[in-house]
Amino acid sequence: MFITFEGPDGAGKSTHIRAVKEFLEERGRKVVLTREPGGTTLAEQIRELLLVKSAEAMDDKTELLLYLAARAQHVSQKILPAIEAGCDVICDRFSDSSVAYQGYGRGINLGLLKQMNDWACQGLVPDYTFVMLLKPADALARLKKDGRELDRMELEDIAFKERVYNGFLACAEARPGRVVTLDASDAIETNRAKILEFLEGWLETEKR
């Protein structure tokens, strides 16, 4: 099974990813955790280019191509081999992030973006995607509360983040069979229970 988590930084994806890993492993399944951009040595190097603050503004096309380059390497070298070896793969972000950030956020043509994404992913699509929805102002407040330095994407203005939020909503509406939305402003325990209940149902179906 290939599971992805999406949503803005500060929405609590990492907490739920760890819970899902533990849940699956307790049921005897082999699990690989990974993230985007990143997941391999080369893709992590591209991540540094994408997220570091620089005096030189990054062109939107450059940004998209770097994300897709990291994804192509990630899929080829880590995700597909893990799935073929019988592992469940849980990924923090995947192709839906490109739709939200580069498609809705930057305004890149969605049809072109889909073609490029499909090519970079070798046609790989998550089995299930959990989207943690959190209003941009609330997400920023959480990040500031953590006290860590914000990266290049986290420093984008509120208008960009509103477009990204709408992009995640659009992804969920377009793919109801694959995408499960959760209100990240709810208690962590509430969302964890919803996610694990969903996966428990999937595992019971698989046994039949």
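**Notebook: sheet, cysteines, charges and rings**

**Entry 1, the sheet.** I began with Leu33 and noted that this residue stands opposite Ile90 in S3. The model is a predicted one, in which local features need pLDDT of at least 70 and side-chain atom pairs count only at pLDDT 80 or more, while totals for chains, interfaces and linings use all residues. I number residues from 1 along each chain as its sequence is written, and the side-chain values use heavy atoms, with hydrogens and water left out.

I then looked up the strand pair around these residues, and found that S2 and strand S3 (residues 88-92) pair in the parallel sense over five bridges. For my own use I wrote down that two strands pair if DSSP finds at least two bridges between them, and that helices (H or I, at least four residues) and strands (E, at least two) are DSSP runs, numbered from the N terminus.

In what order do the strands of the sheet lie? The five strands follow the order S2-S3-S1-S4-S5 in an open sheet, and their pairing is parallel. Strand S2 (31-35) and strand S5 (179-183) are the edge strands, each of them pairing on one side only. On average, neighbouring strands of this sheet are turned by 20 degrees against each other, direction ignored. I also followed helix H1 (residues 13-26), which packs on the sheet and touches strand S1 (2-6), S2, S3 and strand S4 (128-133), where contact means heavy atoms within 4.5 Å. The direction of H1 makes about 175 degrees with that of S3; axes are lines fitted to C-alpha atoms, for helices over the stretch in contact, and angles run from 0 to 180 degrees between N-to-C directions.

I searched for disulfides, meaning pairs of cysteine sulfur atoms within 2.5 Å, and the count came to zero. Cys87 is in no disulfide, and its nearest cysteine sulfur, in Cys91, is 14 Å away. Cys87 counts as buried at 14% relative accessibility, and Cys121 counts as buried at 2%.

Side chains of opposite charge can pair when their charged atoms come close. I counted 18 salt bridges, each being a side-chain nitrogen of Lys or Arg within 4 Å of a carboxyl oxygen of Asp or Glu.

One of them joins Glu36 and Arg71, whose closest N and O atoms are 2.7 Å apart. Glu36 sits in the loop between S2 and helix H2 (41-51) and Arg71 in helix H3 (residues 60-84), so I noted a link between distant parts of the chain, 35 residues apart. Glu36 is buried at 7% relative accessible area, and Arg71 is buried at 2%.

Next I looked at Arg106, which forms a salt bridge with Asp60, the closest N and O atoms being 3.8 Å apart. Arg106 lies in the loop between helix H4 (95-105) and helix H5 (110-120), whereas Asp60 lies in helix H3, 46 residues apart.

Glu156 stands in the loop between helix H6 (136-146) and helix H7 (158-174), 50 residues from Arg106. Salt bridges that share partners join Asp60, Glu63, Arg106, Arg152 and Glu156 into one network.

My search of the whole structure found six aromatic pairs; rings of Phe, Tyr and Trp (its six-membered ring) pair if their centres lie within 6.5 Å, with planes under 30 degrees apart counted as stacked, over 60 as edge-to-face and the rest as tilted. Phe2 is in strand S1 and Phe94 in the loop between S3 and H4, 92 residues apart. Phe2 is buried at 1%, and Phe94 is buried at 0%.

Tyr101 and Phe160 form a tilted pair, 6.2 Å centre to centre with 50 degrees between the planes. Tyr101 lies in helix H4 and Phe160 in helix H7, so the pair ties together parts that are 59 residues apart in sequence. Both Tyr101 and Phe160 are buried. Finally, I noted that ring pairs link Phe5, Tyr128, Phe130 and Phe198 into a cluster.

How values were computed
Buried < 20%, exposed > 50% of the residue type's maximum accessible area, 1.4 Å probe, protein only.
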